[in-house]
Amino acid sequence: GGMDEEDTSSHQLLEDLQKRTNTQCYLAAKAIRSANILLVCIGAGFSADSGLPVYKDITNIPAYVDRDLTYTELCQPHHVNDDPETFYGFWGTCFNDYRRTIPHDGYNIIHNWKEKQFNKDTPVGKLMRSKWIEKNPHSDPFVHEDSIPGPFFIYTSNVDNHSITAGFSEHEVYQVHGSLEQWQCSVPCCTHVWKPPPKHEFHVDPATMLAHPNPPSKDDQDDEGADDAIEDADHQTPEQNKKPKRSTGFEENHPKCIYCGSLARPAVMMFGDANYMVNEREALQHAYWNSFVKEIVRERGSSVVILEIGCGMNVPTVRYHSEMMLSSLGEDATLIRINPDFPLCDHEEVESQVISIMSRGLEALVLIDIYIQKMMSETKKALQRQNSISGDELEGLLIEKKIPSDQQSVCHLALNRIRELEEQLKQVSTKNALLQHQVVVLSAQLEDPAIYKPPPKRNTIIE
């Protein structure tokens, strides 16, 4: 039937793709180097590179298997009242794991690209800023000078807060499903969200995965961060001016709402969740950024790269977002999709703008970064070549400086030598260009014989 044919053809595509990882990473590096705006979309697969379990593995432990509890069943908000020990056991373990785990090096690689190429001082960064200020008279509580993102943004469905732990600013990250570093009332009594104290840890019995309500012993307690909780509590639009009653809400193993004293819960999107408090500042910031990017692309034809890493089919929110964004930006956008299982494009109409890399996130980023570093050092060398003196310039100097005739012959000897060297250099670099071209062609043919045409005639190669 038709379905089987389609299956085998996509299977073939995937096999070819796996052999072409290097070529695909090189194409990705080229796209990133020529872009002015970078949107990074991150899913669970990227956290897996730090050693955190992905959805299917979180509940794969005896305590849950014995009770027939799946991930979907554990992530239900009603457990906070029906079965708080299981609820805080599950979320408390996630909370502890996220805090103990160090974000992997892939975050640093992206951070370096941002600092070098997608920072606020680039022309597009400055344009972004002026649009932002124009749109937001300073009465807007979310906007002060440092909180304006540049031509860079992270959109993630992960709730581990690792983008922020890894050093990105809160103003350039949208955690679309919330974060375990933000808590809210379970009732909810208000729309406020607050942060847990920096040193808080949940006490969970590893055998049963239950968190008992009794507070940890006094010497574990830590009042640091109490002001933190209160100060941050107002990052929502304050519809009630409630003042927090308790210092952090985390004095016990079952946290309480700092406003009304009911049980608190993570401000994380759970299944069948009617009470999840969206982080309005993040959502608004992201919406503004999106609309400015579209304007800038329309006005200036700036090129955008959407780099999507580790977004599978379990929670396809992020995959959907990156392809929607791609089709709304038109020709000048490229989607780089890095995924070991589902690297292909979901919608045919944008297929030509997608670079698929069948690999885990960290591995691919390391490779892409090697290519980017290489491209950067080549650019640097080219600039240095431009700055060195040529034979013509030297001859001009000789005439201009009116060098005494007794010294002129020495200078002319030097000049002739420079001319000879320049000629040799020309020949060498022509040869070099030819060889480099052959290397690229041959290595590409080794990876995928079908893809490359024979090299063009000699005289068309030299650039």
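Visitor: Which rings are linked into a cluster by ring pairs?
Guide: Y64, Y71, F90, W91 and F271 are linked into a cluster by ring pairs. Keep in mind that this is a predicted model.

Visitor: How many aromatic pairs does the structure hold?
Guide: The count is 19 aromatic pairs.

Visitor: What describes a pair of rings?
Guide: A pair of aromatic rings is described by how far apart the centres are and by the angle of the planes.

Visitor: OK, what kind of pair do Y71 and F271 form?
Guide: Y71 and F271 are edge-to-face, with 6.1 Å centre to centre and 90 degrees between the planes.

Visitor: And where do Y71 and F271 lie?
Guide: Y71 is in helix α6 (residues 71-74), while F271 is in the loop between β5 (264-268) and α13 (280-300). These parts are 200 residues apart in sequence, so the pair ties them together.

Visitor: How exposed is F271?
Guide: F271 has a relative accessible area of 35%, so F271 is partly exposed.

Visitor: Back to the list of pairs. What is the geometry of F46 and Y107?
Guide: F46 and Y107 form a tilted pair, 4.9 Å centre to centre with 55 degrees between the planes. F46 belongs to helix α3 (residues 44-48) and Y107 to helix α9 (residues 106-117), and the two residues are 61 residues apart.

Visitor: Is F46 buried or exposed?
Guide: F46 is buried, because its relative accessible area is 0%. Y107 also counts as buried, at 2% relative accessibility.

Visitor: New topic. How many disulfides does the structure hold?
Guide: Zero disulfides. Take C260: the nearest cysteine sulfur belongs to C185 and is 3.8 Å away, and C260 is in no disulfide.

Visitor: Why is C260 in no disulfide, at that distance?
Guide: A disulfide needs the two sulfur atoms within 2.5 Å, and the sulfur of C185 is 3.8 Å from that of C260.

Visitor: Which is buried, and which partly exposed: C25 or C260?
Guide: C25 counts as buried, at 0% relative accessibility. C260 is partly exposed, with a relative accessible area of 30%.

Visitor: Which residues line the largest cavity?
Guide: The lining is I32, R33, N112, W113, K116, Q117, D369, I372, Q373 and M376. The elements giving two or more residues to this lining are α2 (21-33), α9 and α15 (361-387).

Terms used: Residues numbered from 1 in each chain as written. Predicted model: local features only at pLDDT ≥ 70, side-chain atom pairs only at ≥ 80, totals over all residues. Heavy atoms only, no water. Buried < 20%, exposed > 50% of the residue type's maximum accessible area, 1.4 Å probe, protein only. Phe/Tyr/Trp six-rings, centres within 6.5 Å; stacked < 30°, edge-to-face > 60°. Helix = DSSP H or I, 4+ residues; strand = E, 2+ residues; numbered from the N terminus. 1 Å grid on protein atoms, 1.4 Å probe; cavity = no way out; pocket = protein on both sides within 12 Å on 5 of 7 lines; lining within 4 Å.
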